[in-house]
Amino acid sequence: MASTVILLITLTIFLKAQAQAQAPAPSPSGTLNLTAILEKGGQYTTLIRLLQETQQLTQIESQLKSNSQGFSLFAPTDNAFMNLKSGALNGLTDDQKVKLILFHVTPKYYSLSDLLTVSNPVRTQATEKEGTWGLNFTGKGQQLNVSTGVVDTPVNNALREKFPLAVYQVDKVLLPLELFGEKDKTPSSSSAPSPKSSKTSPEIPSIANAGGAPSPSGDEKNGGVGSNVGVGVVVGLALLCMGALS
Ligand SMILES: *[C@@H]1O[C@H](CO)[C@@H](O)[C@H](O)[C@H]1NC(C)=O
Ligand SMILES: *[C@@H]1O[C@H](CO)[C@@H](O)[C@H](O)[C@H]1NC(C)=O
Ligand SMILES: *[C@@H]1O[C@H](CO)[C@@H](O)[C@H](O)[C@H]1NC(C)=O
């Protein structure tokens with residue numbers, strides 16, 4: 001009888017502790033809102049739309065919480081998109097649009113002065129094989145350029161330059177050599193539209209996968225609750241035994 005009471009008390013204490021542990025943590029001050037940063041910039045509506053269409057906005061925002069290296073985004077202005085040759089964007093498949101967006105993001109935070117001395121080429125989220133889909137940075141004094149092999153343009157205005165996220169204005173869309181390098185512009189990449197995948201939207205390469213960042217999902221859910229329950233039971237049993245012995 002006494003042991004049952006002890007068990008119940010233990011369980012009650014344990015469940016209370018669990019409830020507290022699982023209550024949503026107060027949102028950490030300064031949760032990053034990339035849309036808000038870009039909206040404040042006032043000239044990034046096309047980029048925001050593309051980030052949303054390709055689902056990279058949510059990817060970046062959620063990855064920012066777990067990617068310890070941070071991110072840098074090179075943000076082309078609306079003018080930059082308007083100055084593209086007509087059809088340049090519409091000629092891309094959905095997969096290629098995703099790659100184009102990933103190409104504007106590096107899986108690491110760089111300050112402007114980091115970029116002046118970084119070793120080229122710099123990996124982007126689009127990089128699969130070492131040395132492909134990379135960005136080159138060249139500096140002369142305080143003037144910094146980013147070059148893709150197709151475009152070469154200054155990096156000047158920082159919309160945000162604070163770990164873990166840097167957002168830099170670029171006045172040209174960074175066209176990857178891999179998509180726009182050839183004269184006839186028919187990308188010979190593997191992502192040519194395959195007959196069956198046109199409707200069933202293919203898996204969108206996520207920031208996590210592309211960057212090789214550790215997957216944030218699962219771990220907490222699988223590990224957390226389960227092992228806590230285990231610990232609780234063990235503690236409960238231990239207390240039970242102590243109660244029975246005394
Ligand atoms: C981020 O900012 C945008 C624009 O200011 C707003 O519409 C959106 O609700 C914000 N998202 C979050 C998660 O706060
Ligand atoms: C980028 O820099 C690397 C190393 O200097 C060089 O090998 C490569 O050709 C450059 N790529 C472009 C597109 O300029
Ligand atoms: C940066 O690019 C511009 C062309 O967009 C070029 O005129 C300038 O010389 C480049 N500067 C550097 C440091 O490479």
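This is a predicted model: local features need pLDDT of at least 70, side-chain atom pairs count only at pLDDT 80 or more; totals for chains, interfaces and linings use all residues.
Reader: Got it. In which sense do S1 and S6 pair, and over how many bridges?

Author: They run in the parallel sense and share six bridges. S1 covers residues 71-76, and S6 covers residues 165-170. Two strands pair if DSSP finds at least two bridges between them.

Reader: How many helices and strands does the protein have?

Author: There are ten helices and six strands in the protein. Both are DSSP runs numbered from the N terminus: helices (H or I) have at least four residues and strands (E) at least two.

Reader: And in what order do the six strands form the sheet?

Author: The order is S2-S1-S6-S5-S4-S3, in an open sheet with mixed pairing. At the edges sit S2 (105-106) and S3, each of which pairs on one side only.

Reader: Let's follow S3, then. In what sense do S3 and S4 pair?

Author: S3 and S4 are antiparallel, with five bridges. One position to look for is Phe-137, which stands opposite Val-146 in S4. The two strands make a hairpin with two residues between them, and in that turn Gly-141 has a positive phi of about 65°.

Reader: Does it count as buried or exposed, and why?

Author: Asn-145 counts as buried because its relative accessibility is 16%. The cut-offs for relative accessible area are under 20% for buried and over 50% for exposed, with partly exposed in between (1.4 Å probe, protein chains only).

Reader: What is the side chain of Asn-145 in polar contact with?

Author: One partner is the side chain of Gln-143, at 2.9 Å. Another polar contact, of 3.0 Å, joins the side chains of Asn-145 and Asp-152. A polar contact is a pair of N or O atoms within 3.5 Å; within protein, one must be able to donate a hydrogen and the other to accept it, and residues adjacent in sequence count only if both atoms are side-chain atoms.

Reader: Now the ligands! Which residues surround ligand 3?

Author: Asn-145 turns up again here, along with Thr-138, Lys-140, Gln-143, Asp-152, Thr-153 and Pro-154. Each has a heavy atom within 4 Å of the ligand. A backbone N or O atom of Asp-152 is 2.9 Å from an oxygen atom of ligand 3.

Reader: Which strand supplies the largest share of that shell?

Author: S5 does, with three residues. S3 (136-140), S4 (143-147) and S5 (152-162) each supply at least two residues of the shell.

Reader: What about ligand 2, what is it surrounded by?

Author: Around ligand 2 you'll find Asn-120, Asn-136, Ser-147, Thr-148 and Gly-149. An N or O atom in the side chain of Asn-136 lies 2.3 Å from one of the ligand's oxygen atoms.

Reader: And which residues surround ligand 1?

Author: Asn-33, Ala-36 and Glu-39 do. An oxygen atom of ligand 1 is 2.4 Å from an N or O atom in the side chain of Asn-33. For the side chain of Glu-39, the distance between such atoms is 3.3 Å.

Reader: Changing topic: where is Leu-135 found?

Author: Leu-135 is in the loop between helix H7 (112-117) and S3. Its relative accessible area is 0%, so Leu-135 is buried.

Reader: What does Leu-135 touch?

Author: Leaving out residues up to four places away in sequence, Leu-135 touches several residues, including Phe-74, Phe-103, Pro-121, Val-146 and Leu-174. Here, contact means heavy atoms within 4.5 Å. Leu-135 and Phe-103 are 32 residues apart in sequence, but their C-alpha atoms are 8.2 Å apart in space.

Reader: Last one: how many residues of H6 are buried?

Author: Seven of the nine residues in H6 (residues 94-102) are buried, so the helix is mostly covered. Among them are Gln-96, Lys-97, Val-98 and Leu-102. Across the protein's 246 residues, 38% count as buried.

Definitions and conventions: Residues are numbered from 1 along each chain as its sequence is written. Chains are lettered from A and ligands numbered from 1 in the order in which they are written. Side-chain values use heavy atoms; hydrogens and water are left out.
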